[in-house]
Amino acid sequence: DEIALNQKEYELIVQRLGREPNEVELGMFGALWSEHCGYKHSKPLLKLFPAKGKRVLTKVGEENAGAVDIGDGLSIVMKMESHNHPSAIEPFQGAATGVGGIVRDIFTMGARPIALLNSLRFGPLEERHNRYLFNGVVGGIASYGNCLGIPDVGGEVFFSPFYSDNPLINAMCVGMAKSEKLVKARAGGVGNVLMLVGADTGRDGIHGASGLASRTFEQERELRSTVQVGNPFLEKLLIEACLELAETDWIVGMQDLGAAGLTSATVESAARGGSGVEIDISKVPRREQGMTAYEVMLSESQERMLVIVRKGYQDKVKALFERWELPSDIIGYVTGDGLARIKEGEKVVAEVPVKLLTEPPLYRLSCRKPIWLRLLQSFDLSPIPDLSPSECQPTLLKLLACPNIASKHWVYRQYDHQVQTNTVVPPGDDAAVLRIKDTKKAISLTTDGNGRYCYLDPYSGGAMAVAEAARNLVCTGAEPLAITDCLNLGNPEKTDVYYQLKECIKGMARACRLLNIPVISGNVSLYNETKGKAIYPTPVVGMVGLIEDVDRHCTSGFKDEGDVVFLLGSQDEGGLAGSEYLEVIHELIAGRPFIDLDLEKRVQRCCLSLIKEGIIKSAHDCSDGGLAVALAECCLAGDVGFRGGWEIQGRRDAALFGELPSRIIVSVAPTRAIELAERAAREGIGWGKLGVVRGERLVIEGLVDVPLEQMAKMWHNGLDWALRGLSEGGSR
């Protein structure tokens, strides 16, 4: 129970090993066969993702992160991981060490970290404990990232009762490297030396992978000791030292010590290299007295790296680390017998074939759509009363102040997003844009996902997460290159949750293939349940895109008075299913979201070509809150008004606040409007004139007439009011 292995799995270990494992061996099996490390329920499903592409330089699962070529001999390295369970227990350190861990995955490959992003989920801020978690997590992310000097440039924050007591903290890091200098995460070459560098080993984090990240929370369990404590200043030294080391030919590989610590670092590196390892844990420096072999092998103390050094170069490597004031110790060497042999002095405390440790049983559950989901999807929304004309404006203002839609400035103002001086488009737009120094290029970065959509339709919700991330990049003028993801769900041993996992992956894979965007890295976080209640199924997509000419990048804000505003894509009215409007105004989560991926592809292709050719001046994705909210955001971002209107065929609430996908609001000079229309016609997508950029008010004829100042007050202050327990408008 302590290491989250069931009876059948233990019996399988005995059968494969030919004997009973000792305590240390059992701990190693528990860690590497955990859901967090072994992907027992997800690995067969993850094979559905397309992972190859003309720019892809790595193979999923064989390196710490994924890499894509961007030309000029440069590659972008990217990875996303979760730190959900630690952050629920110790929000500051849980989030901080989540940042530290994902950064190590990047520089381990010889890539300099150039950007951080995050995707966060919490319960409603009306509850004190949720406010405590929220403040702690944001503080932890800011503290660690700011100390490292890595800009935090993008992300998302979402609130729902489904995340109370089980927040989601997904951290993403992006790095840049010379393609020819990428470092492998493998231990090869018999006789090569295993060197441990960085912090001393303590008891923090033991059972983090098996006991914390691979089963559900139980109220009576004390889990505080499973949370690691970070030291960003030590990690900064590791970054610089390891990047300098990557420029030499003294090493064959590097691996950070993350989940399962020394066990996963040594064993997984050996598995990738087709070799064995022998280590002597008596040579592992410790910061606590009386640590057992079990504790040393499973400790998840932070800021530690395993370096596989070419035989004969160990003195040079040690001298390099000493120059950076980093302690390093030789703890073992690579063998050719395929065994993981752990010694304490002359005593062998564990000896297991590497393949046994890295090949856990894989599970495929038979499942079908749950009855409760069929009922939610078939729920008839038509009896819900439509908005009267006089109700449209108050509804817009209420949604603008809703924490899920309101500005996240309160969050990202705590992050340093200008350090390294590459940030062209900072947080708060559809996606961030960073220039690539000494070139004309830039990259665009985003994280996206909507658990409410996935709850109502896991397949469509998964596809919509991929599509929205790509749409956000396209709105900046970037061609999407690759995806890193984090799949956050409940207990996969329950058939309902396994159904959600399977359908989310199928929907994401379908969207990836149609949009031609490979998945090059990622993470699965399961068992996100507290007291028997699972979170929304929440696949989060991190995506990077390439802008060939940074001067051609685009932003969401309207630019000049007199410009004409068009809606590209779907001209239908609908999208109330799973919308923010439906939950906030009617306290209802029901219906069935849907996306037409063929239309999505054409809309994105059209918008991207219009930006590259300089035809349109602004572009903004229509998503949470629908068309009216998107128009308000364009006005607020450009500090200029809008006046227009269009014929509404059906319901006013669906027309203004429905969240149909595949829609982008663009603005264009009047002289170039015909070019936009011709391009849209060639792509076979809808386009419709919404109005013109004008004045200091948002006017939708007959429905909304509100000053920008009033909208700005609601949108800029909504999150702060929620944190202080105030209602919309700032009253008690």
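Ala401 is buried in this predicted model, with a relative accessible area of 5%. Buried means under 20% relative accessible area, exposed over 50%, and partly exposed in between, with a 1.4 Å probe and protein chains only. Ala401 is found in helix H15, residues 389–401. Helices (H or I, at least four residues) and strands (E, at least two) are DSSP runs, numbered from the N terminus. Ala401 and Met711 are 310 residues apart in sequence, yet their C-alpha atoms are 8.8 Å apart in space.

The model is predicted, so local features need pLDDT of at least 70 and side-chain atom pairs count only at pLDDT 80 or more, while totals for chains, interfaces and linings use all residues. Residues are numbered from 1 along each chain as its sequence is written, and side-chain values use heavy atoms, with hydrogens and water left out.

Gly718 lies in helix H25. Gly718 counts as buried because its relative accessibility is 4%. Leaving aside neighbours within four places in sequence, Gly718 is in contact (heavy atoms within 4.5 Å) with Ala401 and Ala406. Gly718 and Gly626 are 92 residues apart along the chain, and 18 Å separates their C-alpha atoms.

Two other helices were compared with their expected spans. The expected span is 1.5 Å times one less than the number of residues. Helix H6 (residues 91–107) has 17 residues and should span 24 Å; its end C-alpha atoms are 25 Å apart, which agrees. Of the 17 residues of H6, 15 are buried. Helix H9 (residues 232–246) has 15 residues and reaches 21 Å from its first C-alpha to its last, close to the 21 Å expected. H9 is mostly covered, with eleven of its 15 residues buried. Among them are Pro232, Leu234, Glu235, Leu238 and Ile239.

Nonpolar cores come next. A nonpolar core is a set of buried Ala, Val, Leu, Ile, Met, Phe, Trp, Tyr and Cys residues joined through side-chain atoms within 4.5 Å. The largest has 61 residues, and those with the most contacts inside it are Val103, Phe122, Phe134, Ile251, Val307 and Phe321. A second, separate core of 56 residues includes Leu400, Tyr455, Tyr581 and Leu582. Beyond its neighbours within four places in sequence, Phe122 is in contact with residues including Leu133, Phe134, Val157 and Ile169.

A cavity is a set of points where a 1.4 Å probe fits but cannot get out; a pocket is an open set with protein on both sides within 12 Å along at least five of seven lines; lining residues have an atom within 4 Å of a point. Grid points are joined across faces, edges and corners, and a volume is the space filled by probe spheres set on the points.

The second largest pocket has a volume of about 1,000 Å³. Of its 46 lining residues, the closest to its centre are Gly155, Lys408, Gly428, Asp429 and Asp430. The largest share of this lining, seven residues, comes from strand E4. By class, the lining has 18 nonpolar, 18 polar and ten charged residues. Here Ala, Val, Leu, Ile, Met, Phe, Trp, Tyr, Cys and Pro count as nonpolar, Asp, Glu, Lys and Arg as charged, and the others, Gly among them, as polar.

The structure holds three cavities of 30 Å³ or more. The largest cavity has a volume of about 100 Å³. Of its 14 lining residues, Tyr453, Met464, Glu468, Arg471 and Ser623 are the closest to its centre. H18 gives the largest share of this lining, five residues.

Conventions:
On a 1 Å grid over the protein atoms alone, a cavity is a set of points where a 1.4 Å probe fits but cannot get out, and a pocket is an open set with protein on both sides within 12 Å along at least five of seven lines; lining residues have an atom within 4 Å of a point.
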